[in-house]
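User: Hi! Could you walk me through this structure with a few questions and answers?

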Amino acid sequence: MSVQATGRLVLQWTLRNATYPVLNLRTILRSDDVRQRGFMTCRLLCSTHNQTSTLHQHTDLSQLQLQPGRELSIRALLDMGFTDTQADQLLEAATKGRGGQSEYASSTLMALFVLGLNPSSVLKVLEKCPELFYVKGTQLQQRMDNLRRLGLLEGSLQRVVSHYPQILTLPLRRVNTVARFLREKCAFTVQQATDIIRDSPAVVQDDLGQLEYKFQYTYFRMGVKQAEMVKSKVFRVTLEEVRCRHSFLERRGLYQTPDKKGQTLIVNPKLKDILAVTEETYLADIAMATQEEFKVFQKLMAREWQEEDDEQERDMGADSDDDDDEEDEDEEDMKIGYRQRRKK
C-alpha cells in the first residue's frame, strides 16, 4: 500500500465519521492541501469521542505517530481496509499477550501501513510476530530506517519484514553488528552483506561464533567463495545440514576440497545444488543414494561430532591458554583459527 493510498484510506475514514456536511471526496483528494500533507492525524486509528475536530488535524508523514494509550476499535480497523474477520483477528492478537492491548498497538499498526503493507500483509506480520505490538512506533521507524541505510530499499524492505518481522524487534546495535561482522570477518562486500540479510534475515539472530564457523567451513573445507555462498543462500541452512550433506558427498567420492590453486580431480556440484533443494532432490540428483543410506550416515555423523565436541572440551580444560583470541586478517591465519575452533 503506497503512502497516497494510505492517506486516502485515512481521509475516507474521517469524512465518513465527521458531522460536517457531506463533501465530494474526489474534489478533496485533488486539492493541493491534501496532496502536500498526505495524512490525517494518527488519532484516526483510535477510539475517540471528538471526531468532529479530526478534520482539521493534519500532520506531516515524518511526524505521524498515534497517541499511545488509546485502544484500537473495530470501526477504525474496518475503515482502514480490514475485513470483519481480519479486524477481529487483529484485535485478538493485540490483546492476548502481556495482559491486554498494548499502548503501542495503534502506532505499530500505522508504522506498518506507512511502510507500504496492505491490510492482509499487516495482519500476517502481526500474527507471525505479536511482539511488535509492544515496540514503540518511534523505535519501529528507527529500525526500518536503519535497514534502509544497510541497503534494503523499498520492495526488499517490505519483503524482509513480511517474511521475518522479528527483525524489527531487535536493537539497532545487533543488526549493525551482524552486518559489520559479515563484511569484516567474512570478507563479504557491502552489497553481498545486504543480499544475505535480505535473503536470510534470520541470520541477524545467529550466534556469531557459529556464523563464523559456518562461513569458514564453507570457504575452507568446501572451497566455495563468497559470491557463490550468497547465490546459494547458505545462511538459510543450519551448520549441521551443511556439514552433513557435504560430508556425505565427500565420503561417496562425489566432492573434493580444492587445492591451493582451486583445482579438483572431479567436478564438484554447485553449492546451491547441494543446499537449495529438498532432501529428495539432493539424494536423487546429487548424492545418488537412498534415504536409508543417508539416515544411517546422519546418525554416524552425529556420533562423530559429539565425540569431537567432548574431546575439544577436554583439551580446553587441560590448557585454556591455547584459545585463539586474535582477530585474524590473513587468510592463512583464518584457516588455522578454523581448525583450532572446530566445534558443532
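Analyst: Gladly! Let's begin with Lys272, which is partly exposed at a relative accessible area of 42%; buried means under 20% relative accessible area, exposed over 50%, and partly exposed in between (1.4 Å probe, protein chains only). This is a predicted model, where local features need pLDDT of at least 70 and side-chain atom pairs count only at pLDDT 80 or more, while totals for chains, interfaces and linings use all residues. Residues are numbered from 1 along each chain as its sequence is written, and side-chain values use heavy atoms, leaving out hydrogens and water.

User: Which residue meets Lys272 in a salt bridge?

Analyst: Side chains of opposite charge can pair when their charged atoms come close. A salt bridge is a side-chain nitrogen of Lys or Arg within 4 Å of a carboxyl oxygen of Asp or Glu. For Lys272 the N to O distance is 3.4 Å, and the partner is Asp273.

User: Which residues are joined with Arg148 into one network?

Analyst: Arg148 forms a salt bridge with Glu154, their closest N and O atoms being 2.7 Å apart. Salt bridges that share partners make the network, and those joined with Arg148 are Asp145 and Glu154.

User: How many residues apart are Arg243 and Glu308?

Analyst: These two side chains meet in a salt bridge of 3.6 Å, N to O. Arg243 is in helix 14 (residues 239–251) and Glu308 in helix 17 (residues 291–318); helices are DSSP runs (H or I, at least four residues), numbered from the N terminus. The pair links distant parts of the chain, and the separation is 65 residues.

User: Why do the buried residues of helix 5 line one face?

Analyst: The buried residues of helix 5 are Gln86, Ala87, Leu90, Leu91, Ala93 and Ala94. An α-helix has 3.6 residues a turn, so residues three or four places apart point the same way. Seen down the axis of helix 5, the buried residues line one face because they fall within an arc of 160°, taken from the directions from the helix axis to the C-beta atoms.

User: Which residues are exposed on the other side of helix 5?

Analyst: The buried residues of helix 5 are covered by elements including helix 4 (74–79), helix 6 (105–115) and helix 7 (119–128). On the other side, the exposed residues are Asp84, Thr85 and Glu92.

Technical notes: Helix = DSSP H or I, 4+ residues; strand = E, 2+ residues; numbered from the N terminus. Contact = heavy atoms within 4.5 Å.
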